[in-house]
Amino acid sequence: MMALSIVEHYIGGQRVPDTAATSTSPVLNPATGEQLGLVPMSSIEMADRAVAAASGAYEDWSNTPVGDRVQCLFRYKQILEDNISDIADIVVAEHGKTKAEAIGSLRRGIDCIEFASAAPLLMMGRTLPQIAVSNSFCRTENEGGVGIDSQVDRVPLGVCVGITPFNFPVMVPMWMWPMAVACGNTFVLKPSERDPFSTIREVELVADAGFPPGVMNLVHGGPDVANRLITHEAVRAVSFVGSTGAGKHIYKTAAGAGKRVQCMCGAKNHSLIMPDANCEAAVDGILGSAFGNTGQRCLAGSVVVCIGDSAEWFVPALVEKSGEIKVGPGNDASVGMGPLVSIEARDRVLSYIDKGVTDGAELVLDGRKAEMPKTGCFVGPTIFDRATPEMSIVREEIFGPVLSIMRAKTLDDAIAMANKSEYGNMAVIFTDSGNAVRRFSRTIEAGMQGVNVGVPAPMAVFPFSGWKGSFFGDLHANGEDAARFYTESRVLVTRWI
Ligand code: NAD
């Protein structure tokens, strides 16, 4: 990684220097403030070149037998395994998460590659022989008519586009492109402009795995480039992961341009603590969920609802353990929580802490006072108690290490409080009661649910199934949904005369 170099695109099987950007944006190491390089923001011409490369590669790639296509994924998985530590180091430097978190996210990405390798099975169609009988060509009634067979195939779409966020710069793209290309599509990825170096490394390794040039392409940039890609006439489908504001815009714009679209968006996830919950499991689960990845996770449990008298034992135990988390640079193995991604992100989190205090929530752990490096984008674990549903710290996605605790008399009250949220990504409950779990699962408005688990992240064989303002579209990322999203049905009716 050369300091102050403009990061290159990856088009047609090679790194391509930018020749079109009218503006660039700096990429910083959020733990130190060191500038790592520049990212081109507005390369519309490069976006067009990437789509042209993907279009050019489509015919041959879609005609390559699926069994051969997944051989490239098998090889790619091994290459990724071999490079996992180096790529994780890049993630730590440009994103700020700890090395253990970076490795964990890469492992989840590898999980997606393994799942996409099942494309021969996932793409398989269905047949129904003798669905009807035609008498028009029969000489006698005894001949019984001519049988008609029917089948449905799943076929690739063409060029697919992915627009991805900063918080998992290597993993989230793997929710998209491995399944898309395994199904016979070609792909153009536009990663986040905030941490582009690990994503370009992820993508350029496809050449070593034997993917033909043009099957996988990457173009850097900001909203201008994203908007060009999602409306390009040669693009058939758009996958987006990012904030709800951008996701709503992408969904409307891309669908308006006739694309198939899936948008995985923002979140404000609620965790319910029943009085009968195991204290240690609840505290550990919430600790990891609220402060893992410095709270920059769409599955972060950023609101806790303590039911009955559970707050009495839960809040002091959580505050004590959260205060022990070591805050510092992600490349220090003793650190439990890294910095936020940028100065803007840190200032945004600090402004929410101010709002929580002004709105009257009780600040029981103040992350502004944590022991942490003076330079860099650090905020320590922060906990508000006695928050209420109308407060902005409960309603809005903060995307930082700020946890708000509310209190409810009953499970039903807690569920009603959680269901006020405009989001519906995930919800969890800590309890020993099967009855409470059943009621929770059937009435809480969240598409990913956990029981005695802080972060119920679905493995790649299951869909990443956010609801409400956390998702726009029909078919989710991962699971069988992904194979359906990246293919369309083709029905054939056959009569042999
Ligand atoms: P973001 O919305 O700022 O950016 C995401 C991507 O969209 C980037 O590539 C960005 O360049 C592009 N973009 C931003 N504004 C755009 C616009 N107006 N037009 C076109 N493109 C635009 O998100 P972020 O800050 O990078 O990531 C954090 C967000 O992502 C959080 O809200 C988080 O909850 C969400 N997220 C959701 C999931 C999920 O599965 N639901 C997973 C990870 C992250």
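Student: Which residues in α10 meet α11, and which residues in α11 do they meet?

Tutor: Contact means heavy atoms within 4.5 Å. In α10, Cys 279, Ala 282, Val 283, Asp 284, Ile 286, Leu 287 and Phe 291 take part, and they meet Trp 313, Phe 314, Ala 317, Leu 318, Lys 321 and Ser 322 in α11. By class, this contact of α10 with α11 has ten nonpolar residues, one polar and two charged; Ala, Val, Leu, Ile, Met, Phe, Trp, Tyr, Cys and Pro count as nonpolar, Asp, Glu, Lys and Arg as charged, and the others, Gly among them, as polar. The model is predicted: local features need pLDDT of at least 70, side-chain atom pairs count only at pLDDT 80 or more, and totals for chains, interfaces and linings use all residues. Residues are numbered from 1 along each chain as its sequence is written, and side-chain values use heavy atoms, leaving out hydrogens and water.

Student: At roughly what angle do the axes of α10 and α11 cross?

Tutor: Axes are lines fitted to C-alpha atoms, for helices over the stretch in contact, with angles from 0 to 180 degrees between N-to-C directions. Helices (H or I, at least four residues) are DSSP runs, numbered from the N terminus. The axes of α10 (residues 279–291) and α11 (residues 310–323) cross at roughly 50° and come within 10 Å. α10 is therefore oblique to α11; under 35 degrees counts as roughly parallel, over 145 as roughly antiparallel, 65 to 115 as roughly perpendicular and the rest as oblique.

Student: How are α2 and α7 arranged, roughly parallel or roughly antiparallel?

Tutor: The axes of α2 (residues 66–95) and α7 (residues 196–204) come within 9 Å, crossing at roughly 170°. α2 is therefore roughly antiparallel to α7. Tyr 76, Asn 83, Ile 87, Ile 90, Val 91 and Glu 94 of α2 make the contact with Pro 196, Phe 197, Ser 198, Arg 201 and Glu 202 of α7. These residues divide into six nonpolar, two polar and three charged.

Student: What is the angle between α14 and α15?

Tutor: α14 (residues 411–419) and α15 (residues 434–443) pack at about 25°, their axes 11 Å apart. The two helices are therefore roughly parallel to each other. From α14, Leu 411, Asp 412, Ile 415 and Asn 419 make the contact, and from α15, Ala 436, Arg 439, Phe 440 and Thr 443. The classes here are four nonpolar, two polar and two charged residues.

Student: How many residues surround the ligand, and which are closest?

Tutor: A residue counts if one of its heavy atoms lies within 4 Å. The ligand is surrounded by 29 residues, the closest being Glu 193, Arg 194, Ser 243, Cys 265 and Glu 397. An oxygen atom of the ligand is 2.6 Å from a side-chain N or O atom of Glu 397, and a ligand oxygen is 2.7 Å from a side-chain N or O atom of Arg 194.

Note on methods:
Polar contact = N/O pair within 3.5 Å; in protein donor to acceptor, adjacent residues only side chain to side chain.
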